[in-house]
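I opened this entry to keep track of what I looked up.

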Amino acid sequence: MSRLPQALKERPRLADWIAPASDGRFVVLPGKVELGQGVVTAIWGIAAAALGVSVDDVVLTPAATDTSPDEGFTVGSLSITTSGPVFFAVGQCWRSLMLRVASERFGCDRDRLDCAGGLVLRDGVDSGMRVADLIVALDRDAVAREDLLDERTMHGLPQGRVDLAGKLAGSGFLHDLTFDNLLHARMLRGAPNPSGDVGPLPQGVTCCRVGDLVALVGADEGAVARAAERLRAKPDWDPAPELHHADLTLEAADLLRTVPSARVAEAARSNLRHQATFTRPWLLHGSIGPSCAVARWHPEGAPTLEVWSHTQGVFPLRRSLAAAFDLDARQVVVRHAMGAGCYGHNGADDVAADAAVLARAYPGRPVRVQWSRADEMLFAPAAPAMTVMLEAGLNDKGTPVDWTITVRSPTHGSRPGTPAGFPTLAGREALGQSEPEASDLPLQMGGGGLRNAIAPYDLPEQQVVHEFVAAPALRASAMRGLGAHANVFAIERFMDELALRAETDPLEYRLGLMSEARGMAVLTRVAQMSGWGERPASGGGHGLGLAFSRYKLSAAWVAIAAEVQIEEDVRLTRVWAAVDAGRVIDPVGARNQIEGGIVQSASWALMEQIVPDGLGRRPMAWADYPILRFSQLPQISIDFTGDDMAPPLGIGEVCVGPVSAAIANACAHALAVPVRRLPVDRDTLERALLSDT
Amino acid sequence: MNNAPQIRVLVNGTSRDLTVAAEETLLQTLRGQLHLTGAKYGCGAEACGACMVVVNGAAIPACTLRSADLDGAIVVTPEGVDVRLPAAFVAEQAGQCAYCVPGILASLHVVMARGAPPDRNAILAALEPHLCRCGAQPAILRAAFRAAEV
């Protein structure tokens with residue numbers, strides 16, 4: 001079997017990934033993008049380790065469609081798993097080629113040479129030659145070959161985040177970029193009478209209309225922003241269509257299609273049955289920085305359209321923009337610049353399209369569009385509500401003998417540029433594009449609504465029914481974990497209910513249905529960490545719950561325990577995590593990702609939902625959509641249990657399902673009631689106490 | 001525009017004479033006129049802390065503060081905070097996207113500048129107005145405690 005990663009076979013030229021530069025350094029060209037998760041830093045460290053140089057000898061270039069290889073979207077906790085080995089292999093190839101040059105110069109055998117920290121070592125000691133001296137001798141058109149790889153396993157040089165110091169010093173975001181002759185714009189989605197006059201505007205601010213798209217544009221950002229705020233404050237401003245509670249539940253949803261499992265195992269069905277329905281509400285991404293983009297149309301010469309975006313995929317966005325403006329993809333350059341935290345398909349691509357539409361009216365001038373907080377909350381895609389129905393037939397020991405999960409969900413995949421969901425930009429009306437037919441991410445991409453619908457236990461044949469909601473009330477797309485959040489919540493709550501029914505401890509019940517050693521190990525470990533043996537009695541207001549999952553059945557194994565104290569409200573006091581992610585390349589970054597997953601999922605589980613107010617208005621401000629604050633943080637303990645020899649596994653999204661599930665299980669334990677909906681707030685618990693789950 | 005307000009403010013130790021629009025916010029003045037982009041736009045409603053700066057010794061959201069009212073004010077932006085703060089945040093790798101962090105540094109600057117050594121409760125209270133969506137709060141707390149040596 002070839003040891004060269006597939007992406008490198010398809011694009012073997014080494015300099016397309018890591019280019020030797022004339023200043024004696026290497027330029028790393030990741031197609032993956034920094035979303036706040038530290039992936040670009042990790043790739044930088046992996047490249048430096050493979051090259052045998054220090055991180056200072058490696059220059060990082062943000063993804064751009066005219067310089068980077070097409071690595072698709074940065075999604076799915078896959079970046080290190082898929083992109084890391086490519087950069088490690090390219091670095092190894094360059095190292096071998098450099099050592100070949102060095103061996104000729106020294107007239108010695110290559111086996112006696114190596115490089116480390118930018119120095120060429122002969123017989124393990126500094127030879128006086130530097131890597132920088134060899135770079136100029138490299139053939140820039142060299143290609144990857146298997147015989148250039150060595151036996152080292154992928155690892156990275158430990159180093160701090162490449163982007164952090166600049167961000168702390170006040171810059172580093174797309175929002176902070178400066179351009180000559182820049183125009184600023186604010187969108188007026190929801191403007192009263194969009195085809196009519198917006199009224200008098202201050203000097204230097206103009207109203208730009210393209211189809212239904214209306215914006216204010218001017219050179220003074222403050223003046224543009226203030227004029228937009230004044231318009232928004234008008235009483236006839238109607239930012240978004242009215243919405244009511246009933247619109248947001250999936251009970252009466254239009255079903256596009258129902259896909260049952262291929263076979264129904266009737267023979268195994270038992271009369272002893274347990275059935276429960278679990279729900280998750282619509283959620284907002286809630287990035288702290290609203291989306292922003294800059295676009296410029298070049299009046300002459302190529303490329304025609306240049307866009308700066310914090311998209312999750314510069315190439316998919318380029319394809320989408322090229323299609324929208326009827327251009328050849330080569331006439332569009334998309335450059336990645338960092339935005340605020342990205343947890344899925346947010347407004348980044350939409351605002352890039354807005355900027356491109358407006359900039360066409362000002363050829364040669366860069367136009368920067370900054371969405372407002374209300375724009376972000378109202379017009380970016382939301383994470384869809386889900387309803388998950390579970391039913392099991394049980395034997396006399398309470399063990400499942402048949403198992404059916406029915407997942408009702410809108411799409412989780414309407415990113416621009418994806419084959420299924422294209423084109424889905426918010427500004428599509430202005431671009432003359434029609435509403436695309438809804439579809440979900442295919443299972444070979446991990447699925448959308450069906451992500452983690454298969455329970456990670458030794459169960460009889462699992463029946464999976466997908467009820468796809470074709471026309472949901474809100475614009476739905478991917479957010480951290482996709483369907484895995486609701487599915488893991490439902491499955492893990494259902495496991496606790498089955499354990500209760502079988503009068504078995506939930507930990508014992510799960511372990512009895514498992515045979516995979518690494519899964520059992522994290523569960524056992526988190527039980528030790530959380531003092532599971534001394535779990536308080538149920539019903540006293542003090543709860544301890546646990547949950548297990550393996551994201552996409554292919555990323556890290558995760559077990560979570562959560563402790564709650566319930567008086568007036570739910571107080572999440574402690575969370576423990578045992579994570580087997582194989583070899584951890586960047587321990588600090590890994591801890592940050594797991595902590596981040598715990599805090600975000602705790603916020604979803606305890607308090608988040610899109611609910612309209614009495615007038616049918618959707619959340620437009622933080623006051624309408626609270627998220628977890630510093631004072632509500634639980635104490636967090638994490639143990640990475642993976643074997644250092646095992647390949648690294650993705651961790652970015654692995655926590656969100658089991659954390660919400662463990663919190664819900666802890667609440668159910670604290671009050672001795674079935675908890676079947678998120679968020680687990682006072683309303684949910686009151687309903688559970690009244691047995692109206 | 002001849003009667004546009006003129007103000008003199010001390011920003012990160014430098015005196016600035018500025019002409020501002022009547023409704024201009026301090027955030028717009030800092031980012032637009034002074035190219036100090038540490039304070040970030042987050043919500044425009046004093047609800048997230050991304051635009052936090054220090055005005056006359058107190059941490060205040062710059063998104064709603066009118067610059068015209070600030071004649072004579074002493075302003076510290078995230079670019080001008082106690083150097084122990086960014087150093088501790090880098091050392092702890094505190095911040096994922098880090099969009100929220102500059103504003104947090106401004107709030108912590110006020111705690112650090114008080115005469116008495118800061119304690120954990122004072123730090124927690126200073127952080128309460130701030131939202132972080134990446135879940136970097138545990139690392140941010142570690143960094144804040146490190147900077148304050150508590």
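I began with pLDDT, which is the predictor's confidence in each residue, from 0 to 100. Chain B has a mean pLDDT of 96. In that chain, 99% of the residues reach 70 or more. I noted that this is a predicted model. Its scores are ipTM 0.97 and pTM 0.94.

Next I looked up the cores. The largest nonpolar core holds 154 residues. Inside it, A:Trp403, B:Phe89 and B:Ile140 have the most contacts. Helix 15 of chain A, residues 656–671, gives the most to this core, with eleven residues. I also found a second, separate core of 46 residues. A:Ala15, A:Leu51, A:Val90 and A:Ala142 are among its members.

I then checked B:Phe89. I left aside its neighbours within four places in sequence. Its contacts in chain A are A:Leu164 and A:Leu168. In chain B, its contacts include B:Val101, B:Ile104, B:Leu105 and B:Ile140.

My last stop was A:Ala556. Where does A:Ala556 sit in chain A? I found it in the loop between strand 19 (542–550) and strand 20 (557–566). Is A:Ala556 buried or exposed? A:Ala556 counts as buried because its relative accessible area is 0%, and the cut-off for buried is under 20%. Neighbours within four places aside, A:Ala556 is in contact with residues including A:Tyr551, A:Val579, A:Asp580, A:Leu649 and A:Ile651.

Notes. Residues are numbered from 1 along each chain as its sequence is written. Chains are lettered from A and ligands numbered from 1 in the order in which they are written. This is a predicted model: local features need pLDDT of at least 70, side-chain atom pairs count only at pLDDT 80 or more; totals for chains, interfaces and linings use all residues. Side-chain values use heavy atoms; hydrogens and water are left out. A nonpolar core is a set of buried Ala, Val, Leu, Ile, Met, Phe, Trp, Tyr and Cys residues joined through side-chain atoms within 4.5 Å. Buried means under 20% relative accessible area, exposed over 50%, partly exposed in between (1.4 Å probe, protein chains only). Helices (H or I, at least four residues) and strands (E, at least two) are DSSP runs, numbered from the N terminus. Contact means heavy atoms within 4.5 Å.
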